[in-house]
Amino acid sequence: MSKANIDVERILAGKYPAKAHAKRVVEYIRSKIPDATGVLYLEGRSDKLLEDSDEPVPFRQRRAFMYLTGVDEADCFLIYDIATAHSTLFIPPIDPDSVIWSGLPLTTEEALAKYDVDAVLPSTELNPTLAKLGNGPASTVFAIADRVSDEVTFLEFTNKDFTILGEAIDECRVIKDEYEIALIKKANEISGVAHKTVLERVKNAKNEYELEGAFVGTSISLGAKKQAYPSIVASGRAAATLHYVHNNKDLAGKDLLLLDAGAEWSCYAADITRTFPISGKFTEQSRAIYEIVLQMQNDCIASLKEGVSWEEVHLLAHKVAIDGLLSLGILKGNREEILKARTSTAFLPHGLGHYLGLDTHDTGGHPNYSDPDPIFRYLRVRMNLPAGSVITVEPGIYFCEYIIRPYLKDPKHSQYIDEKVLDKYWDVGGVRIEDNLLITQTGSINLTDAIKDPDELEKIISSS
């Protein structure tokens with residue numbers, strides 16, 4: 001693994017490479033339909049009001065539309081002509097009533113200068129343009145099912161395909177280009193600063209929501225107005241809940257705080273987890289668990305490179321966890337037998353990580369949530385990792401009574417768990433450490449620089 005040496009600001013000074021993405025999508029479609037021609041049609045999300053209010057629903061651009069346009073604006077449309085590689089963006093016309101309240105929207109000239117498209121027209125020209133393009137012989141329109149407005153018609157097109165375009169975009173999103181990597185790195189840089197802000201405030205905070213506010217506020221102050229996902233700010237035993245969302249419990253008397261939080265930059269996500277002592281000093285038990293999880297992450301990251309099986313890396317995390325829990329006496333018996341019995345899933349019930357990009361849990365991983373093998377059931381990526389993909393590495397060890405108690409009652413698993421030793425660790429709650437890794441031909445590049453060294457964590461918190 002190497003550290004990221006990416007000139008983020010230089011790269012992001014250019015345009016989002018929408019047309020390059022469109023060409024990749026067409027290549028994928030033609031790998032399935034060799035003679036494919038016609039047009040790609042996509043709609044952005046429309047502005048809507050809350051059902052019982054005149055306030056707007058928070059806007060989140062459709063990711064497929066963003067991938068082929070780079071446009072994070074409402075009520076826009078895209079037509080991409082496959083034969084000519086010509087892209088046309090349609091934007092809302094100026095509404096004088098709207099200007100009174102919201103100011104002038106982007107003009108066609110401004111949109112053409114800002115986005116990687118060949119032409120910009122008002123959306124009033126959308127249906128006439130579709131009608132013209134559909135009049136050709138054996139014309140085909142590729143769109144995504146349930147993402148075509150009622151007022152849009154494809155009557156003139158001979159063929160309509162509502163299947164392959166969504167699949168093509170999902171698969172193409174796996175491998176990131178330089179611009180996308182820079183966006184993810186930018187989100188990571190901001191998130192790293194926000195994570196450090198929480199470290200500096202945790203010792204004197206009284207409630208989880210203060211720390212959520214510190215993270216979100218720092219992100220906004222650095223220009224990231226949206227979070228990639230709802231923050232998880234879990235203290236004490238609440239850290240054993242993987243997607244804890246309450247973020248409102250008092251911190252008094254708690255040992256650790258698990259902070260899983262990441263900002264979004266131009267629709268691209270960071271996804272970072274850190275776990276640290278609220279008081280500034282790990283207990284003996286929490287330090288021991290933290291060291292095991294850190295070893296799990298370090299060993300897994302060291303194994304990354306193009307072509308590696310993510311299932312094998314996930315198994316490696318379990319093997320390191322078993323070794324660590326055996327050394328503490330929480331587990332007992334033979335390592336291979338414990339792994340075969342899947343007893344370690346009591347302490348690590350989730351997958352090691354997932355693709356990251358326009359979505360926090362990004363597309364193309366092909367999970368199998370009905371897998372009868374519990375060790376793989378929640379693994380979100382079930383393939384070999386290609387160079388250019390970005391994946392999270394987020395091992396954890398959790399002490400969730402709801403999950404573990406049934407294992408203690410099952411002889412298949414209870415023979416490997418020392419309950420008397422386990423009882424010393426319930427208050428640890430859970431430890432997770434998560435970084436975002438870019439896969440390369442020979443290894444990986446860590447895009448995350450948030451602090452995770454346990455001694456440094458203690459130093460920052462204690463000195464705050």
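Me: Ala, Val, Leu, Ile, Met, Phe, Trp, Tyr, Cys and Pro count as nonpolar, Asp, Glu, Lys and Arg as charged, and the others, Gly among them, as polar. By class, what does the lining of the second largest cavity have?

Reply: This is a predicted model, so read every value as computed from it. First list the lining, then sort it. Leu42, Glu43, Arg62, Ala64, Phe65, Ile144 and Arg147 line the second largest cavity. Strand E2 (39-43) and helix H3 (63-69) are the elements that give two or more residues to this lining. By class, the lining has four nonpolar, no polar and three charged residues. The space in this second largest cavity is about 30 Å³.

Me: How many cavities of 30 Å³ or more does the structure hold?

Reply: There are two. A cavity is a space where a 1.4 Å probe fits but cannot get out. The largest cavity has a volume of about 40 Å³.

Me: Which residues line the largest cavity?

Reply: Gly192, His195, Lys196, Leu199, Arg274, Ala450 and Ile451 do. Next, ask which element gives the most. Here H8 does, with four residues. By class, this lining has three nonpolar, two polar and two charged residues.

Me: How are Lys196 and Leu315 placed, along the chain and by C-alpha atoms?

Reply: Read the two separations one by one. Along the chain, Lys196 and Leu315 are 119 residues apart. Their C-alpha atoms are separated by 31 Å.

Me: Now pockets. What volume has the largest pocket?

Reply: A pocket is an open set of points, whereas a probe in a cavity cannot get out. The largest pocket has a volume of about 660 Å³. It is lined by 23 residues, and the closest to its centre are Asp47, Asp75, Pro92, Ser98 and Pro105. Helix H4 (residues 96-102) gives the most to this lining, with four residues. By class, the lining divides into 15 nonpolar, three polar and five charged residues.

Me: Which residues lie nearest the centre of the second largest pocket?

Reply: They are Met66, Asp72, Trp265, Ser266 and Cys267, from a lining of 23 residues. The space in this pocket is about 530 Å³. Sort the lining again: nine nonpolar, four polar and ten charged. Helix H1 (8-12), helix H8 (178-202) and strand E11 (263-265) each supply at least two lining residues. H8 has the largest share, with three residues.

Me: How many bridges join E11 to E12?

Reply: Two bridges join these antiparallel strands. Trp265 stands opposite Tyr268 in E12.

Technical notes: Residues numbered from 1 in each chain as written. Predicted model: local features only at pLDDT ≥ 70, side-chain atom pairs only at ≥ 80, totals over all residues. Heavy atoms only, no water. 1 Å grid on protein atoms, 1.4 Å probe; cavity = no way out; pocket = protein on both sides within 12 Å on 5 of 7 lines; lining within 4 Å. Points joined across faces, edges and corners; volume = space filled by probe spheres on them. Pairing = 2+ DSSP bridges.
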